[in-house]
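I opened this notebook to record what I looked up in one structure.

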Amino acid sequence: MFGPESTGKTTLSKELATHYNTEWVPEFARDYLQKKWDEEREVCSYEDLLPIAEGQILLENKASEQANRVLICDTDILETNVYSKAYFNGISDESLEKASIENQYDMYFLTYIDTPWEADDLRDRPNEREKMFHFFREALEKYKRPYVLLKGGKEERFKKATQIIDELIKR
């Protein structure tokens, strides 16, 4: 899954992992940053980006050992890179940029902003959803990643995603 906050990535990725009886990789940043918020009332800083990226890759590598034909990831390191650039004036750590280039996946599902906004401790840009969506789409195009845009309700998104995954599995 790939896209701005509050666009249904977690819900859909969990449903897909259940459907394919495979591993689901959660978003490492969510737990990491929620703990930081709960303990320190601090938001994400530039210094958090590498630990988040390393944690995400570790979760993915561990889950890939148990995956059944397909691994469903709530997010990936390229998403961390997009947030880095969006939140820190276009700046990304060199190693994060390199990892974004090296870590590639068979398909990205770009989730559109047509889902209702759900506020929480970490989400902070309800009025910039369109701007953030464009950052994500531009990253997929810049890094030449294969992607499918998912729009509509949960059922429509699920149906489209399963059609694409089924095609990938057949190959």
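Which residue forms a salt bridge with K98, and how far apart are the closest N and O atoms? I found that E102 is the partner, with the closest N and O atoms 3.8 Å apart. I took a salt bridge to be a side-chain nitrogen of Lys or Arg within 4 Å of a carboxyl oxygen of Asp or Glu.

Entry 1, basis. I note that this is a predicted model, in which local features need pLDDT of at least 70 and side-chain atom pairs count only at pLDDT 80 or more, while totals for chains, interfaces and linings use all residues. I number residues from 1 along each chain as its sequence is written, and side-chain values use heavy atoms, with hydrogens and water left out.

E102 and K98 are separated by about one helical turn, because they are four residues apart in helix 5 (residues 94-102). Helices (H or I, at least four residues) and strands (E, at least two) are DSSP runs, numbered from the N terminus. Both E102 and K98 are exposed; I used buried for under 20% relative accessible area, exposed for over 50%, and partly exposed for in between (1.4 Å probe, protein chains only).

I then looked up K36, which forms a salt bridge with D48, the closest N and O atoms being 2.5 Å apart. This pair links distant parts of the chain, with K36 in helix 2 and D48 in the loop between helix 2 and helix 3, 12 residues apart. K36 and D48 are both buried.

I located S45 in the loop between helix 2 (28-40) and helix 3 (49-64). Its relative accessible area is 21%, so S45 counts as partly exposed. S45 touches K36 and F88 (contact means heavy atoms within 4.5 Å), not counting residues up to four places away in sequence.

I defined a nonpolar core as a set of buried Ala, Val, Leu, Ile, Met, Phe, Trp, Tyr and Cys residues joined through side-chain atoms within 4.5 Å. The largest has 15 residues, and F2, L78, L110, F136, A139 and L140 have the most contacts inside it. Helix 4 (77-87), strand 3 (108-111) and helix 6 (129-142) each supply at least two residues of this core, and helix 6 gives the most, with five. Another core, of 13 residues, lies apart from it and includes L16, F109, V148 and L150.
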